[in-house]
Amino acid sequence: MMDHGNDFSNWLDPDTSLKIFKCLDDPADLVRVSCVSRTWRDFVVENGLSKQLCLRMFPQLSRVACVVELNQNGVKGHAEVGSSRSMESLALWKDHRVFSYFARFCLSPIAMDCIAKAICASSTDNFPQESIDQTLEERDNIAGRFSYWSSSGQSNPNVPETLTYQLASQICIIKEINIQPFQAHFQMGSPIYSAKSVRFKMGHLKASLNDLSDEMFVWTYTSPEFPMAQENRLQKFILPEPVLCIGGILQVELLERVQRQEMDGLLYIWCVSSLCFSCSSSGDPVVTSIYC
Amino acid sequence: MAEEKSQASSSKMLTLKASDGVLFEVELNIAKEMKTVQAYIDDCEDIETIPIPNVLGKHLAIVIEYIKKTNEEYDAEFEKQWNMDDLQLLLLAANYLNISGLQECLCKAIAKRIENKSPEYVRKVFNIENDHSPEEEAKLRKEYKWAFEGVDKD
């Protein structure tokens with residue numbers, strides 16, 4: 001007669017038990033595991049397994065300094081009075097709750113365009129007709145009027161341009177960004193004013209600005225460079241891994257100008273629209289408030 | 001000349017003696033995958049028989065076969081064959097003998113038996129007593145309702 005297998009947290013050393021639990025990639029598994037017994041629950045919480053799972057999914061989280069848990073009314077929770085747990089233990093339990101929910105969010109697929117508004121462009125040729133706001137409109141022609149953003153002209157092809165946007169939520173997971181360059185049918189030869197390559201940055205507003213010349217944003221993620229096609233179509237740029245953007249700022253960096261405008265001999269970049277696809281954005285009041 | 005010498009050393013055989021007395025003759029390069037055995041050899045170069053007091057012959061045979069055959073395909077099939085008792089003893093053996101590839105493979109195997117299963121099932125498979133109070137468990141299940149949906153049937 002064979003014995004049934006035993007609770008491995010009893011007969012294995014903690015490091016090996018940890019190795020087993022770390023193989024679990026689904027936050028729901030970690031929650032169910034903590035329901036099995038008090039010992040397993042304590043093991044999951046005290047080893048910060050939910051937080052570690054989130055860090056594996058999104059290395060960008062390593063920049064997070066601390067997490068504040070809000071209750072259902074959106075108010076910061078307080079430690080229970082007379083709680084027998086130490087401060088460290090309370091912090092571990094809070095982390096466990098917050099990161100369990102967070103991990104769950106990150107896996108729920110709600111695809112949406114998450115650019116809420118345009119913040120600024122590095123340059124604009126004719127303001128406001130050719131401003132960055134035109135890129136929020138998918139169509140390149142509205143009631144007979146062309147809708148696109150134009151950079152200012154440069155003789156040096158290596159002067160980059162940036163388009164900076166605010167996302168729909170402070171916490172977003174971005175999987176892909178779509179951009180369509182503009183084809184000027186009203187010019188001879190119908191030139192397409194694309195860029196040679198594009199790169200994306202994500203981050204948040206700087207906490208304090210000492211003087212106006214300071215860079216306004218802190219970038220927590222920079223994507224690899226993607227080559228851009230010289231074609232008038234919506235071009236998809238899929239990030240190598242879904243990226244967690246904390247702070248809600250996305251910047252499109254257009255590198256190397258390609259198209260010269262015949263009229264003035266300068267190189268321009270013109271863009272019809274920018275779309276940014278997220279797989280979920282956090283709206284749950286229980287989780288929020290992340291300080292970087 | 002140099003070639004012959006290296007050939008000779010790589011085909012040197014070693015004997016491993018399991019806890020129940022079963023003897024296994026293995027090539028040196030196979031034995032060296034077990035870091036514990038490697039340490040033994042480093043300490044006493046001339047040794048021919050190494051005792052493995054913590055591992056039964058049955059499991060040592062499986063471990064040796066694993067080392068010889070391990071690759072992605074083999075590993076994927078390997079973990080399916082064993083019941084919890086054997087997994088348990090094999091993992092203890094892998095830990096004692098310090099074979100990182102086998103440790104990883106077995107940890108994944110045990111994790112697979114937890115994935116997407118209900119707590120009741122996991123308790124049964126690992127023979128774990130539920131020491132949550134009914135109120136505690138009810139609270140957990142309510143708070144994390146989402147985690148208890150779509151679980152594999154027991």
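Guide: In this predicted model, helix H3 of chain A, residues 27-36, meets helix H8 of chain B, residues 119-126, with the two axes coming within 9 Å and crossing at roughly 60 degrees. An angle under 35 degrees would count as roughly parallel, and one from 65 to 115 as roughly perpendicular. H3(A) and H8(B) are therefore oblique to each other. The crossing of H3(A) past H8(B) is right-handed. On the side of H3(A), the contact is made by A:Arg32, A:Cys35 and A:Val36, and on the side of H8(B) by B:Pro119, B:Val122 and B:Arg123. Of these contact residues, 4 are nonpolar, 2 are charged and none is polar.

H3(A) also packs against a helix of its own chain, H6(A), residues 87-107. Here the axes are 9 Å apart and the angle is about 145 degrees. From H3(A), the residues A:Pro27, A:Val31 and A:Ser34 take part. They meet A:His96, A:Ser100, A:Ala103, A:Arg104 and A:Leu107 of H6(A). This contact divides into 4 nonpolar, 3 polar and 1 charged residue.

H2(A) spans residues 14-22, and its buried residues are A:Thr16, A:Ser17, A:Leu18, A:Ile20 and A:Phe21.

Strand E13 of chain A, residues 249-257, is mostly covered, with 8 of its 9 residues buried. Strand E7(A), residues 161-167, is joined to E13(A) by 6 bridges, and the two run antiparallel. In this pairing, A:Thr162 stands opposite A:Glu253. Strand E9(A), residues 195-205, also runs antiparallel to E13(A), with 8 bridges between them. There, A:Ser197 stands opposite A:Leu255 of E13(A). In a regular strand, side chains alternate between the two faces of the sheet.

A:Gln187 lies in the loop between strands E8 and E9 of chain A. Its relative accessible area is 18%, and the cut-off for buried is under 20%, so A:Gln187 counts as buried. Leaving aside neighbours within four places in sequence, A:Gln187 is in contact with A:Tyr193, A:Gln261 and A:Trp270.

Note on methods: Residues numbered from 1 in each chain as written. Chains lettered and ligands numbered in written order. Predicted model: local features only at pLDDT ≥ 70, side-chain atom pairs only at ≥ 80, totals over all residues. Heavy atoms only, no water. Buried < 20%, exposed > 50% of the residue type's maximum accessible area, 1.4 Å probe, protein only. Helix = DSSP H or I, 4+ residues; strand = E, 2+ residues; numbered from the N terminus. Pairing = 2+ DSSP bridges. Axes fitted to C-alpha atoms, helices over the stretch in contact; angles between N-to-C directions. Parallel < 35°, antiparallel > 145°, perpendicular 65-115°, else oblique. Left-handed = near helix turned anticlockwise from the far one by under 90°. Contact = heavy atoms within 4.5 Å. Nonpolar A, V, L, I, M, F, W, Y, C, P; charged D, E, K, R; others polar.
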